[in-house]
Amino acid sequence: QTGAFTYDPGFTSTASCESSLTYIDGDEGVLLHRGYPIGQLAEHSSFMEVSYLLLNGELPSSEELDEFSYTISRHTMLHEQLATFYRGFRRDAHPMAIMCGVVGALSAFYHDSTDIADPQQRKIASHRLIAKMPTIAAMAYKYSVGQPFLYPDNSLSYTGNFLRMTFGVPAEPYEVNPVVERAMDRIFILHADHEQNASTSTVRLAGSSGANPFACIAAGIACLWGPAHGGANEAALNMLKEIGTPDKIPHYIDRAKDKNDPFRLMGFGHRVYKNYDPRATVMQKTVREVFEALKVNDPLFETALQLEEIALNDPYFIEKKLFPNVDFYSGIILSAIGFPTTMFTALFALARTVGWVAQWNEMISDPGQKIGRPRQLYTGPTERDYVTVDKR
Ligand code: SDX
């Protein structure tokens with residue numbers, strides 16, 4: 001492609017697709033979105049700006065960003081009938097179960113943006129998904145705590161709106177804490193896209209059959225829920241709570257190394273990174289900022305820091321090239337901000353929606369794209385004749 005470099009990391013034969021959105025060098029711990037390093041985007045950009053970048057390929061001018069943010073704000077409300085849909089769930093339903101159900105049902109309410117052959121409908125569906133995920137996630141939280149849903153307030157930022165819908169109540173005004181808003185926005189940036197991870201590949205495969213975008217994103221949410229993937233942030237904090245104090249760390253390190261023990265260090269290791277996940281670096285820095293601003297002192301952060309220190313100096317982890325990943329510290333911040341662990345993966349899904357949508361658009365707008373059809377290595381019996389039951 002003119003101007004774009006095509007880097008072949010030596011596994012072209014197993015590459016599932018070509019994409020220009022995100023580049024990862026797992027050995028060097030590099031993550032670029034349309035060429036921009038994640039550390040610079042997390043430091044200087046906003047989630048709306050990164051969303052525009054992922055969707056359009058370039059950072060927006062201030063006018064383009066204002067127009068994009070305004071367009072997204074036009075879609076933040078949910079069809080009122082969907083509020084009834086929530087009431088069909090048990091109050092203790094996991095927010096990811098609700099998100100799978102509600103997002104999958106969106107195509108039943110927004111028929112005018114399900115025709116994937118129509119670029120305008122694809123664009124509206126993309127904006128609807130990005131705009132409505134905060135509302136959907138906030139409503140899942142409100143439903144779980146028995147509080148009334150709050151409508152979006154478009155005078156707030158994308159992230160401020162989400163925080164208010166989640167933690168605000170009709171009985172009193174809600175003041176968005178700028179430190180929390182900045183930290184949350186940065187967490188959304190860190191989770192926005194990550195090349196062909198399991199849930200993104202799920203969205204692409206579902207999309208390759210021509211399924212409507214809402215169904216494809218619901219498939220991605222279902223895949224992300226697994227503890228080996230997006231469910232790891234919830235599992236990592238639960239693991240830190242189980243470990244408790246630093247003196248218990250050696251016992252858990254031994255368990256993680258024991259092949260007969262299913263215990264894994266959650267938030268550690270990665271299919272691609274064989275170096276420090278650059279997102280974990282930013283996440284750890286953000287914990288310090290949020291804790292200082294909120295005057296929080298969570299002993300689990302100290303446990304996490306010592307666990308990282310011990311693991312990174314342990315021959316097993318060094319030999320296996322296991323480092324903290326994006327999920328290792330995120331739960332500590334989200335917990336300090338006030339989210340229950342059950343909401344952590346829902347927040348990951350909220351942020352990853354822009355990556356899923358951008359990857360889906362890239363795939364569906366490729367005139368040469370065909371339905372995905374992974375093949376297999378057959379290991380079953382060779383051909384044989386049927387045997388009637390009396391002879392078995
Ligand atoms: C995400 O793909 C993406 O991009 C995903 C993601 C994204 O943004 O979309 O980055 C988000 O999913 C991050 C990963 C979150 N998951 C976890 O933190 C769960 C804990 N991690 C492990 O389950 C594991 O590291 C995986 C699932 C992430 C990767 O597993 P692999 O493919 O087995 O990793 P590997 O091949 O590098 O493992 C090398 C060895 C293996 O042992 P051997 O078979 O060589 O004897 O290290 C072992 C693994 O068993 N190992 C671990 C370990 N992770 C790998 N041992 C202990 N603790 C761990 N966490």
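**Exercise 1.** Which helices do the buried residues of α12 pack against?

*Solution.* The model is a predicted one, and the work begins with the helix itself, which spans residues 249-257 and has Ile249, Tyr252, Ile253 and Ala256 as its buried residues. These residues cover an arc of only 105° around the axis, which puts them on the same side of α12. The next step is to look for their partners, and the buried residues of α12 are found to pack against α11 (232-243), α14 (299-312) and α15 (315-319).

**Exercise 2.** Find how many cavities of 30 Å³ or more the whole structure holds, and describe the lining of the largest cavity.

*Solution.* A search of the whole structure finds one cavity of 30 Å³ or more, and the volume of the largest cavity is about 40 Å³. Its lining consists of Gly269, His270, Tyr273, Asn275, Asp277, Lys321, Leu322, Phe323, Pro324 and Asn325. Sorting this lining by class gives four nonpolar, four polar and two charged residues.

**Exercise 3.** Determine which helix supplies the largest share of the lining of the second largest pocket.

*Solution.* The second largest pocket, with a volume of about 350 Å³, is lined by 14 residues, and those that lie nearest its centre are Leu55, Asn56, Phe68, Lys123 and His127. Turning to the helices, α2 (47-56), α3 (62-73) and α6 (119-145) each supply at least two residues of this lining, and the largest share, five residues, comes from α6.

Note on methods. Residues are numbered from 1 along each chain as its sequence is written. This is a predicted model: local features need pLDDT of at least 70, side-chain atom pairs count only at pLDDT 80 or more; totals for chains, interfaces and linings use all residues. Side-chain values use heavy atoms; hydrogens and water are left out. On a 1 Å grid over the protein atoms alone, a cavity is a set of points where a 1.4 Å probe fits but cannot get out, and a pocket is an open set with protein on both sides within 12 Å along at least five of seven lines; lining residues have an atom within 4 Å of a point. Grid points are joined across faces, edges and corners, and a volume is the space filled by probe spheres set on the points. Ala, Val, Leu, Ile, Met, Phe, Trp, Tyr, Cys and Pro count as nonpolar, Asp, Glu, Lys and Arg as charged, and the others, Gly among them, as polar. Helices (H or I, at least four residues) and strands (E, at least two) are DSSP runs, numbered from the N terminus. Buried means under 20% relative accessible area, exposed over 50%, partly exposed in between (1.4 Å probe, protein chains only). The arc is that of the directions from the helix axis to the C-beta atoms. Contact means heavy atoms within 4.5 Å.
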